[in-house]
Amino acid sequence: MASTRLQHHYDEISGLHLRDLFAGDPTRGERLSAEAAGLRLDYSKNRITDETLRLLLELAGDAGVAARRDAMFAGERINITENRSVLHVALRMPRGSSLVVDGRDVVADVHEVLDRMAAFVGRIHSGAWTGHTGKPITNVVNIGIGGSDLGPVMAYRALQHYSRRELTFRFVSNVDGTDFVEATRDLDPEQTLFIVCSKTFTTLETMTNAGTARDWLLEGLGADESAVAKHFVAVSTNLEEVARFGIDTDNAFGFWDWVGGRYSMDSAIGLSTMLAIGAEQFAELLAGFHAMDEHFRTAPPEQNLPLLMGLLAVWYSDYFRAETVAVLPYDQYLERFPAYLQQLTMESNGKSVRLDSTPVDVPTGAVYWGEPGTNGQHSFYQLIHQGTRLIPCDFICFMQSLNPLGDHHDLLVANVFAQAEALAFGRTAEEVAAEGTPDWLVPHRTFAGNRPSNVLTAERLTPAVLGSLVALYEHSVFTQGVIWDINPFDQWGVELGKALAMRIVPELSSSDELSHDSSTNALIARYRAARQRA
């Protein structure tokens, strides 16, 4: 088996240093790279040889990555625990394409919703849609949680350069009332539109915040219930609950069971994104997604960016036992991209059971984290460079700045290249000593190097490039899931805490006897006492 051969191979080459790998192959930096959909991946600074790549690609073959990928694109029900197709790729198929699943052309359904979204966005932008008192909408508040929040927030921040600056966008997700209060503190109810994103229209946090938003609006507009329909729209398929809330069902935009929340930013969940950047640029975002989809579906394995990144992630997780991956975007617009990837990667592959219901016997689902450069360099890079843990890094940067300002961009890009170089090659004790460093200080200033990284580059951050970048990680996550034989498309792990919370809520305000463990009982009792003092 390829996995066994990889273990033997790891035992043979794990001590090799990147200094030696580069010294023995002057073409390595150019050779170990691949390009697609506006992105270039330099993976030369990984602790791999040509034999490693051959064995990793063999592992993908043994696991059936290509067959499972094709099953996903064909609409087969590969999400076996929920008996669903997995068709986020259909969200970005071009108009005129066709994919029939269970007797319906899902691409036609997708474009029907996109057309309705575009028409609505046009009415807001033109001023044809006004609030209850006749004033135009100038504020948009997206209410959601999880994929209904992380994607829209990330996309808005990432594409803010292209956004309509006459509109103010806010995002509310946390059930903590502070989130809502601070998001709406300076907004005028007469000019505020709320987008409530909940497929079932029953999500606890989202509907709690939506109810508070409704109260806030009515308080500001004289308690006229008819105002709700002019200031709320829904992204949901539960039209009965949408109507009960007071939203006109003509202003409800649906999506489907075959779209997981963390894969939904390019569905109707992206309504706030389309409002920010317009329908044409939203179409460019979708085109970027689709370009990477097609690359993943058709490119040769040795040049397939998502496949390569997924296999490298498995290499470090399963063989080097790396527990985390740092995602380091050197672009302030991508400040929320690591947080977005946390859900995409950790909710997808945080699994311990195989598809056949047996326990996995290898580590799955690394912890993803990160911050924009150069901020991170002044906080956690010390641990990456000189700590005892191996932390593979993904650097992301752009050749052109969207905001050219003096030599800022040169300094930014220089730091990307320098950090990747420093991680790979380090600084030897001999090099430090040659600088005149006292002997006792030499160990403190020595850098072991041999720390792996990918460097992802693009010409500039555009809607299309953002789509390509997100799809790249989506398909990398998929690849890892297939290798581990787990289901990346369910998330049962989030359910237990929700269920227990619903049991605890009424207990907080009652005096009934408690039957939890002693710790939980004590915590509830303490909170009851605090409520009485409030």
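This is a predicted model: local features need pLDDT of at least 70, side-chain atom pairs count only at pLDDT 80 or more; totals for chains, interfaces and linings use all residues.
Six of the six residues of S13 (residues 453-458) are buried, so the strand is largely enclosed by the rest of the structure. In a regular strand, side chains alternate between the two faces of the sheet. In S13 both faces are covered, with Ser 453, Val 455 and Thr 457 buried on one side and Asn 454, Leu 456 and Ala 458 buried on the other.

A further element is an open sheet of five strands with parallel pairing, in the order S6-S5-S7-S8-S9. Its edge strands, S6 (168-172) and S9 (252-253), each pair on one side only. Within this sheet, strand S7 (residues 192-197) and strand S8 (residues 232-235) are paired in the parallel sense over four bridges, and Val 196 stands opposite Ala 234 in S8.

The count of aromatic pairs comes to 25. In one of these, the ring centres of Phe 22 and Phe 425 are 5.1 Å apart and the ring planes lie at 80°, an angle over the 60 degrees required, so the pair is classed as edge-to-face. Phe 425 is partly exposed, with a relative accessible area of 22%. The rings of Trp 315 and Phe 320, whose centres are 5.4 Å apart and whose planes are at 80°, likewise form an edge-to-face pair; Trp 315 is buried at 0% relative accessibility, and Phe 320 is buried at 13%. One aromatic cluster is formed by Phe 180, Phe 194, Phe 201, Trp 216, Phe 232 and Phe 245. Phe 245 of this cluster also has Arg 214 over its face, at 5.7 Å from the ring centre, while Arg 69 lies over the face of Phe 296 at 5.8 Å from the ring centre.

Side chains of opposite charge can pair when their charged atoms come close, and the count of salt bridges in the model comes to 29. The side chains of Glu 58 and Arg 54 meet at 3.2 Å, N to O; both residues lie in helix H4 (residues 50-63), four residues apart, which is about one turn of the helix. Glu 58 is partly exposed, with a relative accessible area of 22%, as is Arg 54, with 44%. In a further salt bridge, the closest N and O atoms of Glu 435 and Arg 427 are 3.6 Å apart, and these residues are partly exposed at 48% and 32%, respectively. Salt bridges that share partners join Arg 5, Glu 51, Arg 54 and Glu 58 into one network.

On the surface, Leu 204, Met 502 and Val 505 form a nonpolar patch with about 270 Å² of accessible area together. Val 505 is found in helix H21 (residues 495-508) and is partly exposed at 48% relative accessibility.

Conventions:
Residues are numbered from 1 along each chain as its sequence is written. Side-chain values use heavy atoms; hydrogens and water are left out. Rings of Phe, Tyr and Trp (its six-membered ring) pair if their centres lie within 6.5 Å; planes under 30 degrees apart count as stacked, over 60 as edge-to-face and the rest as tilted. Buried means under 20% relative accessible area, exposed over 50%, partly exposed in between (1.4 Å probe, protein chains only). A charge sits over a ring if NZ of Lys or CZ of Arg is within 6 Å of the ring centre and within 35 degrees of the ring normal. Patches are made of residues with over 30% relative accessible area and no salt bridge: like charges are joined within 9 Å, nonpolar side chains (Val, Leu, Ile, Met, Phe, Trp, Tyr) within 5 Å. Accessible areas come from the Shrake-Rupley method with a 1.4 Å probe; for residues, only the protein chains shown count as cover. A salt bridge is a side-chain nitrogen of Lys or Arg within 4 Å of a carboxyl oxygen of Asp or Glu. Helices (H or I, at least four residues) and strands (E, at least two) are DSSP runs, numbered from the N terminus. Two strands pair if DSSP finds at least two bridges between them.
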